Amino acid sequence: MKGAAVPDVAIIGAGVSGLTCGVLLAERGYGVTIFAEEIGERTTSAAAAAIWFPYDAEPADKIIPWSLVTYERLRLLAEQQNTGVNMIELRSLARRGEIPIPDWAKSLGAQFVVSPVTVGLSDREQKSASQPVFSSGFTMSVPLTDTTRYLDYLRDRFSNARGTIREGVRFERIGEVPRPFKAIVNCAGIGAGELVPDRELESHRGQVAIVSKLDLPWAVVCDDPPLMYAIPRTRDCVFGGTNSTSYNREPIRADTDRIVAECSRTLNIEPPPVIATRVGLRPFRKSGVRLELDKLSDGRPVVHNYGHGGCGFTVSWGCAEDVLKLLLFSPNPP
Ligand SMILES: Cc1cc2nc3c(=O)[nH]c(=O)nc-3n(C[C@H](O)[C@H](O)[C@H](O)COP(=O)(O)OP(=O)(O)OC[C@H]3O[C@@H](n4cnc5c(N)ncnc54)[C@H](O)[C@@H]3O)c2cc1C
């Protein structure tokens, strides 16, 4: 373990990627400072649903192993108090045809949902008995991170390990990170497009509606168009969603209306009141997540860790552990 307080590592970005790397490195004794233009609610991470589910990121042969590592780390956090993580039953459903169980889901005990495929709300909450909307599905237990609590939990854990966060700092180039820092970790999400720069990044805009708490016994996800999910949390429920190529970070009223209408239709309930809307830009990278060692012209090592698309929470710990390994084995370790 190293003696903390010296400025060893600068992390760019305070979303789930930057905070998770921050916790891992600071708890190993590195002196870590996170620099971020925006923190908290303004990040994409705060808009996420954020259930464990490999979705909208490449390549599968890396995403799945990172996801499985993260599953285990989050499962352990779910056993602790006040982390914002809990295990929940996830039902991945299809409106048409038979949905296969992916191999990664089989390894976690996924089972087919027995027909008729219903959403599980009580008769009292449903409008009336109706034909099931879904034709097939599979069910499994997965970690759910409540972003309203989990991001704070990561920040507190980082601070307790003597990590520092500097908010409101925007770098135009990675080389602007001040010289005392011996190594840099780039967790800039969609911001890496300009910062690196990297033309492979594509913004997959997502919008969700936070509605009042529903007595939904499991999370429902349906990938068939239109994308639909309902994720029950302790204090509310997240209705989704959208996925379009756009950089617009403002909520669109028509999207909210469509999301609430589709979720209410499939759950067969009266539309619940909308408490808030959230928008985030999923950092999708066409050639796949960039997690690799690079070098600045002044010789300092940079580990890039961005492009996690629609599953940044799902891969967060697996990626952070690989970041640590790359730093340790770089020619100039911090
Ligand atoms: C609607 C929606 C639902 C989602 N649902 C899920 C889900 O259920 N499960 C799941 O795993 N994932 C989900 N995701 C995806 C997930 O949210 C992202 O993959 C993840 O948040 C990316 O995290 P990040 O830390 O890499 O980036 P971000 O959260 O975007 O953070 C980037 C950070 O970098 C900073 N930054 C950027 N550029 C600069 C710069 N030049 N200088 C300084 N700082 C800079 C930003 O200010 C910010 O602090 C969802 C996303 C959306 C939008």
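Predicted model: local features only at pLDDT ≥ 70, side-chain atom pairs only at ≥ 80, totals over all residues.
How many residues does helix H7 have, and what should they span at 1.5 Å a residue? Helix H7 (residues 316-328) has 13 residues that should span 18 Å, and its end C-alpha atoms are 19 Å apart, which agrees. The expected span here is 1.5 Å times one less than the number of residues in the helix.

Residues are numbered from 1 along each chain as its sequence is written.

**View 1. Helix H7 and its buried residues.** Helices (H or I, at least four residues) and strands (E, at least two) are DSSP runs, numbered from the N terminus. The buried residues of H7 are Ser316, Trp317, Gly318, Cys319, Ala320, Asp322, Val323, Leu326 and Leu327. A residue is called buried if 20 or more other C-beta atoms lie within 10 Å of its own, exposed if 12 or fewer, and partly exposed in between, with C-beta atoms placed from the backbone. The partners that these buried residues of H7 pack against are H1, helix H2 (60-78), strand E7 (183-186), strand E14 (290-295) and strand E15 (301-306).

**View 2. Where H2 meets H7.** Two packed helices are described by the angle between their axes and the distance between the axes. For H2 and H7, the axes come within 6 Å and cross at roughly 105 degrees. That makes H2 roughly perpendicular to H7. Axes are lines fitted to C-alpha atoms, for helices over the stretch in contact, and angles run from 0 to 180 degrees between N-to-C directions. Angles under 35 degrees count as roughly parallel, over 145 as roughly antiparallel, 65 to 115 as roughly perpendicular and the rest as oblique. On the H2 side look for Pro65, Trp66, Ser67, Val69, Thr70 and Arg73, which meet Ser316, Trp317, Gly318, Cys319 and Glu321 in H7. Five of the residues in this contact of H2 with H7 are nonpolar, four are polar and two are charged. Two residues are in contact if their C-beta atoms, placed from the backbone, lie within 7 Å.

**View 3. Helix H1, an enclosed helix.** H1 has twelve residues and reaches 16 Å from its first C-alpha to its last, close to the 16 Å expected at 1.5 Å a residue. Eleven of the twelve residues are buried, so H1 is largely enclosed by the rest of the structure. Among the buried residues of H1 are Val16, Leu19, Cys21 and Leu25. Strand E1 (9-12), E2, helix H4 (147-160), E7, E15 and H7 are what the buried residues of H1 pack against. After H1 comes Gly29, with a positive phi near 100 degrees.

**View 4. The shell around the ligand.** Which residues are closest to the ligand? They are Gly15, Gly189, Gly191, Gly206 and Gly312, and 45 residues surround the ligand in total. A residue is near a molecule if its C-beta atom, placed from the backbone, lies within 6 Å of it. Helix H1 (16-27), strand E2 (32-36), strand E8 (201-212) and strand E13 (274-285) each supply at least two residues of this shell. The shell divides into 23 nonpolar, 18 polar and four charged residues. Here Ala, Val, Leu, Ile, Met, Phe, Trp, Tyr, Cys and Pro count as nonpolar, Asp, Glu, Lys and Arg as charged, and the others, Gly among them, as polar.

**View 5. Ala36 in strand E2.** Ala36 lies in strand E2. With 26 other C-beta atoms within 10 Å, Ala36 is buried. Leaving aside its neighbours within four places in sequence, Ala36 is in contact with Gly13, Ala14, Gly18, Ile165, Glu167 and Val169.

**View 6. Backbone details in the loop between E2 and H2.** Most residues other than glycine have a negative phi, and most peptide bonds are trans. The peptide bond from Ala49 to Ala50 is cis, with omega near -20 degrees, and Ala50 is in the loop between E2 and H2. Glu58 and Pro59 are also joined by a cis peptide bond, with omega about -10 degrees, and Pro59 is found in the loop between E2 and H2. Asp56, also placed in the loop between E2 and H2, has a positive phi near 55 degrees. Asp56 is partly exposed, with 17 other C-beta atoms within 10 Å.
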